[in-house]
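The following note is intended for a reader who is new to this structure. Its points are numbered and may be read beside the model.

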Amino acid sequence: MTSPLTAARGGLLALPLLLLAPAVAAAAGLPTSFTAGGVEYGAKGTVQYDVNRFADDAGTFEDADDWRRQELYLFARRKGSFELTAGYDFQAEAWADVFLKLETAAGDFRAGQQKTLVGWEDYATGTSSTIYLERSAAENAFYQGRRVGLEWTWTELENWRFALAGYTGPDLEDENDGTTVAGRVVHTPIADDTRVLHLGASASRERRDDGIARFRARPNAALTDVRLVDTGRLASDAIDRLGLEAAWRDGPLLLQAELLHGHNDAPSGQPDFTGRGWYALASWVLTGETRPYTNSAFGNPKPSRDTGAFDVQLRYADLDLDDGAIRGGRQRDWTLGANWYWGKHLKLQANYVWLRTDHAGVSLDPEIFEARVQFAF
């Protein structure tokens with residue numbers, strides 16, 4: 001079996017030069033941005049190489065080693081005025097966030113392709129700052145993805161954050177035609193350098209031009225296309241999503257939970273569908289650092305010593321896609337994880353996942369070992 005370190009070393013040889021140049025500059029301590037005329041211009045990116053290993057899976061999955069992400073963002077911004085960002089994932093061969101944001105007295109307005117509002121882990125947390133290699137099954141099943149539209153965010157009321165958004169047409173990959181309206185509110189009654197209490201809610205309604213809805217999830221492993229829970233294609237007039245979220249950070253301790261709900265409003269004469277999922281996690285930074293909290297999301301702890309920062313975490317997640325005659329299945333999993341943050345740019349992650357799945361009378365309880373080498377700048 002190829003070790004994560006060996007796989008990552010071999011994969012680095014194939015890293016696109018467009019990503020490699022700023023990555024080497026960041027590792028060498030050279031700036032990846034500059035300021036001219038009051039405007040900052042620069043690049044930022046994330047490269048991740050993953051290893052997935054499966055056991056007790058009855059031959060359902062194939063072990064895999066591959067790039068997870070090769071993201072590069074170019075930006076120009078003036079603090080308090082505007083930001084222009086364009087991002088591309090060379091691994092997925094797809095556009096990421098591409099938008100213009102204007103900061104005004106009436107709030108921030110962001111136009112372009114951007115993340116949709118329902119799904120805290122996906123919407124607010126950057127890909128380089130995820131606690132686990134993969135987000136929960138509920139996020140995987142219900143998160144809508146990126147769409148082209150306009151988002152308004154207002155933070156002038158102390159300890160509150162409001163967002164409204166509307167999206168229309170296809171995304172930048174010329175897919176997912178339709179319209180969506182969404183809203184989000186976050187309240188942080190406690191927020192200081194040590195403690196944060198985060199409470200949030202979000203909702204959206206999507207109408208797809210193709211009239212099709214589908215809810216499914218990977219088994220907490222991104223290098224496989226196999227889904228053990230899947231509703232299949234459902235005729236749809238509208239898709240409603242609802243999210244509730246809460247977190248408590250106290251120094252090195254983080255407790256976090258989220259509930260997601262997806263409902264398909266079917267045409268007359270066909271059954272509606274309601275699915276739900278949730279997760280709860282606990283993370284402890286053993287070296288004592290505190291995860292930063294910015295823009296309603298928790299980031300990676302910043303190491304306070306040369307040997308880096310180290311954390312461990314445990315998550316339980318439950319996704320239920322069974323509703324009446326629609327039997328999409330149920331997936332429950334425990335995920336044990338550990339992360340090592342070495343300096344500002346290197347992050348090593350390891351997860352052990354134990355799944356329990358039931359779909360159409362068939363049960364499968366695979367075990368998954370995952371590892372990742374990440375470099376971000």
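Which residues does Asp333 touch, not counting residues up to four places away in sequence?

1. Asp333 touches Asn220, Arg315, Tyr316, Ala317, Val353, Trp354 and Leu355 by that count, contact meaning heavy atoms within 4.5 Å. The model is predicted: local features need pLDDT of at least 70, side-chain atom pairs count only at pLDDT 80 or more, and totals for chains, interfaces and linings use all residues. Residues are numbered from 1 along each chain as its sequence is written, and side-chain values use heavy atoms, with hydrogens and water left out.

2. Asp333 belongs to strand β21 (residues 326-342). Asp333 is buried but lacks a salt bridge, the nearest side chain of opposite charge being that of Arg315, 4.6 Å away. Buried means under 20% relative accessible area, exposed over 50%, and partly exposed in between (1.4 Å probe, protein chains only); a salt bridge is a side-chain nitrogen of Lys or Arg within 4 Å of a carboxyl oxygen of Asp or Glu.

3. The Asp333 side chain makes polar contacts with the side chain of Asn220 (3.3 Å) and with that of Thr335 (3.3 Å). A polar contact is a pair of N or O atoms within 3.5 Å; within protein, one must be able to donate a hydrogen and the other to accept it, and residues adjacent in sequence count only if both atoms are side-chain atoms.

4. Thr130, in the loop between α3 (120-124) and α4 (137-142), is buried, with a relative accessible area of 6%. A polar atom of the Thr130 side chain lies 2.9 Å from the backbone oxygen of Tyr132. Among the residues that Thr130 touches, not counting those up to four places away in sequence, are Lys347 and Arg372.

Key: Helix = DSSP H or I, 4+ residues; strand = E, 2+ residues; numbered from the N terminus. Lys, Arg positive; Asp, Glu negative; His and termini not counted.
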